[in-house]
Amino acid sequence: MRVILAPMEGVADASMRALLTGVGGYDLVISEFIRVVDQLLPEKVFYRLCAELANQSKTKSGTPVRLQLLGQHPQWMAENALRAIELGSLGVDLNFGCPAPTVNRSNGGAALLKEPETIYRVVKAVRDAIPAQLPATAKIRLGWDDKSRCVEIAQAIEAAGATELTVHARTKEEGYKPPAHWEYIQQIKQAISIPVIANGEVWSREDYLKCQQVSQCDDVMIGRGALAVPNLAHVIKGSQAKMPWPQVLQLLLQYSDYEIVSEKEKYYPARIKQWLKFIAKQYNEADELFTQVRVLKKTPEILSLLRALA
C-alpha cells in the first residue's frame, strides 16, 4: 500500500509538506496546483508553489513530490507540464477535482467533470509532451452534481494515457460533506486497468480499512485527515498509534518556526488558526487552544501562548 499526501491549496504548502513528511509514513506528495491559463508560466511560479524542485523534487526528509497543474487548454497544459519536468518534477498530476468557485467559473478544476472529452484532450496532450517513463496522473471527483458519468470520465483519462488515477469519492456539489461514496471508486476500479487511489473521509486506520474494503483500493490519498492527525500516514499503516497531544504541540511550534522566517510571516496568525481547527477535529486539547488563539491577532502573542503550553 501507499499513503499519499493530498494537494491542499493554501494549506499544504512547502512548509506544511516538509513538516508532515518529516513525521514520516508518506510515499508521495502532490503539490498545490499551478493554475495554467493561456501562457507558458515563468520558472519562478513553479518554484513558488513547488519549492521542492530545488531539492531534486523531494521534501527535506526525502519524500518525492509530484507537481500538479490545473487548466483546460491542452496546448498550454502540455507546455507547462514539460517545463515542470525540465525543472525536475517527478511526473505531473492533473487537477480535475478542485471545487473552488473562482477556479470553476473559468472552467477549471471540477468544472471539467462536465466535459470528459476535454479532460481526455488535456491528459493526452500532457502525456504526449512529457517523457514516457515519467508518470502522468490525474485526480477527479465523482462528477459535478451527479455521479452517473464517473466511469466514463475515468475511462477517458485511461484512454488518454494516464498512468494512475486518484478519485475523491464525492461530487463537486457535495463538497466535503460526509459520507464519501467509496463504492463508486470500486466501480471505477473495475472499469479501468490503471492503478486507482482512494481519497475522501479517511481520518483513522479504521476509516482506511473500511475504505479499502469498499473501494477495493490499497493505495489512499489523505488531506484533511493528515492535518488533523499529523502522523496519520503511520497510523493508517498500523505502525504507530495516534500522536500524543504534547508531540502535536511541539509540531505546532516547529511549524511556527518555519512560517515566521518566511515571506508568509504576515499570514502566520491565520494559518496557525486554520491548522488548529483541523487538529481540533481529533484532539480536544486543540479545541481549547483554538478558543484561546482565535482572539489573538499578533504573531508574538500566539508564539508566547504556544511556548507556555509546550
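Which ring does the charged end of K114 sit over? In this predicted model, the ring is that of W144, and the charged end of K114 is 4.2 Å from its centre. K147 lies over Y184, at 5.8 Å from the ring centre.

Aromatic pairs were examined next. The structure holds two of them. W245 and Y283 form a tilted pair, with 5.9 Å from centre to centre and 45 degrees between the planes. W245 belongs to helix α11, which spans residues 245–260. Y283 lies in the loop between α12 (268–279) and α13 (284–293). The pair therefore ties together parts that are 38 residues apart in sequence. Both W245 and Y283 are buried.

Y255 and W275 make up an edge-to-face pair. Their ring centres are 5.2 Å apart, and 70 degrees separate the planes. Y255 lies in helix α11 and W275 in helix α12, so this pair links parts that are 20 residues apart in sequence. Y255 has a relative accessible area of 1% and is buried. W275 also counts as buried, at 2% relative accessibility.

Helix α1 covers residues 14–23. Eight of its ten residues are buried, so the helix is largely enclosed by the rest of the structure. The buried positions are S15, M16, R17, A18, L19, L20, T21 and V23. An α-helix has 3.6 residues a turn, so residues three or four places apart point the same way. After α1 comes G24. The phi of G24 is positive, near 100 degrees.

Cysteines were considered last. A disulfide is a covalent bond between the sulfur atoms of two cysteines. The structure holds zero disulfides. For C50, the closest cysteine sulfur is in C98. That sulfur is 17 Å away, which is too far for a bond. C50 counts as buried because its relative accessibility is 0%, and the cut-off for buried is under 20%. C211 is likewise in no disulfide. Its nearest cysteine sulfur, that of C217, is 6.8 Å away, whereas a disulfide requires sulfur atoms within 2.5 Å. C211 has 1% relative accessibility and counts as buried.

Terms used: Residues are numbered from 1 along each chain as its sequence is written. This is a predicted model: local features need pLDDT of at least 70, side-chain atom pairs count only at pLDDT 80 or more; totals for chains, interfaces and linings use all residues. Side-chain values use heavy atoms; hydrogens and water are left out. Buried means under 20% relative accessible area, exposed over 50%, partly exposed in between (1.4 Å probe, protein chains only). Helices (H or I, at least four residues) and strands (E, at least two) are DSSP runs, numbered from the N terminus. Rings of Phe, Tyr and Trp (its six-membered ring) pair if their centres lie within 6.5 Å; planes under 30 degrees apart count as stacked, over 60 as edge-to-face and the rest as tilted. A charge sits over a ring if NZ of Lys or CZ of Arg is within 6 Å of the ring centre and within 35 degrees of the ring normal.
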